[in-house]
Amino acid sequence: MSVSPQEAILSARGLTKEFFGFKAVNGVDLDVRENTIHALIGPNGAGKTTVFNLLTKFLSPTEGKITFRGKDITGFKPADVARLGLVRSFQISAVFPHLTVLDNVRVALQRKAHLGTQFWRSNSALDRLNDRAHELIAAVGLDEYAALDAAELPYGRKRALELATTLALDPPVLLFDEPMAGMGAEDIGRISDLIRRIAKDRTVVMVEHNLNVVADLCDHVTVLARGEILAEGDYDTVSSDPRVREAYMGTEDE
Ligand SMILES: Nc1ncnc2c1ncn2[C@@H]1O[C@H](COP(=O)(O)OP(=O)(O)OP(=O)(O)O)[C@@H](O)[C@H]1O
């Protein structure tokens with residue numbers, strides 16, 4: 001099932017990335033539809049992280065074009081695309097270990113508001129910020145941890161905090177690189193629920209190795225292998241595709 005470019009919030013055409021002559025990503029056309037959860041999957045070395053870094057502008061493509069809401073963002077810097085509303089979470093999210101959960105979320109909200117030091121002159125603005133911080137903390141299930149330093153949080157809860165600080169920026173598109181990496185079953189369930197809730201009125205793109213999570217969460221799946229798109233569609237479609245099965249089994253044998 002291909003997505004028509006008109007419906008896509010984020011698109012790539014002919015996306016190619018060469019490292020020293022080796023094409024890690026080769027001619028990838030991608031359309032991410034608004035308000036869906038879109039997974040990038042594929043065996044090790046397929047080019048998922050490279051595509052993810054190209055989409056978020058952490059890498060520049062050797063060839064190809066990326067558009068966001070119809071605007072060509074190929075030459076943009078990561079901060080520029082974040083400002084437009086394309087924000088990656090987890091691997092780069094700024095959580096300060098020695099600030100409390102509440103203060104971490106407040107700092108993120110302040111950044112969003114660009115209020116800087118002037119902000120603290122207004123008590124009503126401070127109240128609004130505190131209310132919003134508590135809402136976000138509740139949304140990610142961290143109410144009882146609000147006063148704890150971020151460093152003291154268990155791993156899964158730390159990721160929930162990273163999610164809250166990302167949500168503070170209120171981005172229409174969120175990109176996650178392996179959000180479930182290193183998590184136990186309980187945390188996976190909690191973060192999956194969170195992502196599902198977030199995605200009700202947002203677009204989510206995620207690289208994910210855990211195929212149970214992909215099956216459970218994602219509306220659309222793009223399978224990459226050797227830098228190219230091997231298959232696309234919903235999970236049932238791609239998981240029953242013999243080429244996809246072969247690509248995964250091939251790497252298991254290696
Ligand atoms: N900076 C780089 N320099 C050289 N080669 C790279 C670089 N980054 C990635 N590659 C190569 O590009 C290919 C794709 O890598 P990438 O990390 O995008 O794959 P992946 O699908 O995310 O893999 P994994 O599931 O193992 O994380 C690999 O062969 C990798 O070795």
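Author: Welcome! A helix's expected span is 1.5 Å times one less than its number of residues. Helices here are DSSP runs of H or I with at least four residues, numbered from the N terminus. This is a predicted model, where local features need pLDDT of at least 70, side-chain atom pairs count only at pLDDT 80 or more, and totals for chains, interfaces and linings use all residues. Residues are numbered from 1 along each chain as its sequence is written.

Reader: How do you know that the span of helix α5 agrees with what it should be?

Author: Helix α5 covers residues 155-167, and its 13 residues should span 18 Å at 1.5 Å a residue; the end C-alpha atoms are 18 Å apart, so the two agree.

Reader: What makes Glu 186 buried or exposed?

Author: A residue is buried if 20 or more other C-beta atoms, placed from the backbone, lie within 10 Å of its own, exposed if 12 or fewer, and partly exposed in between. Glu 186 has 9 within 10 Å, so Glu 186 is exposed. Glu 186 sits in helix α6 (residues 185-198).

Reader: Why is α5 called mostly covered?

Author: In α5, 11 of the 13 residues are buried, among them Arg 157, Leu 161 and Leu 167.

Reader: Which residues surround the ligand?

Author: Those with a C-beta atom, placed from the backbone, within 6 Å of it count as near. They include Phe 19, Asn 44 and Lys 48. Helix α1 (residues 48-55) gives the most to this shell, with three residues.

Reader: What confidence does the chain average?

Author: The average pLDDT, a per-residue confidence from 0 to 100, is 87.

Note on methods: pLDDT is the predictor's confidence in each residue, from 0 to 100. Helices (H or I, at least four residues) and strands (E, at least two) are DSSP runs, numbered from the N terminus.
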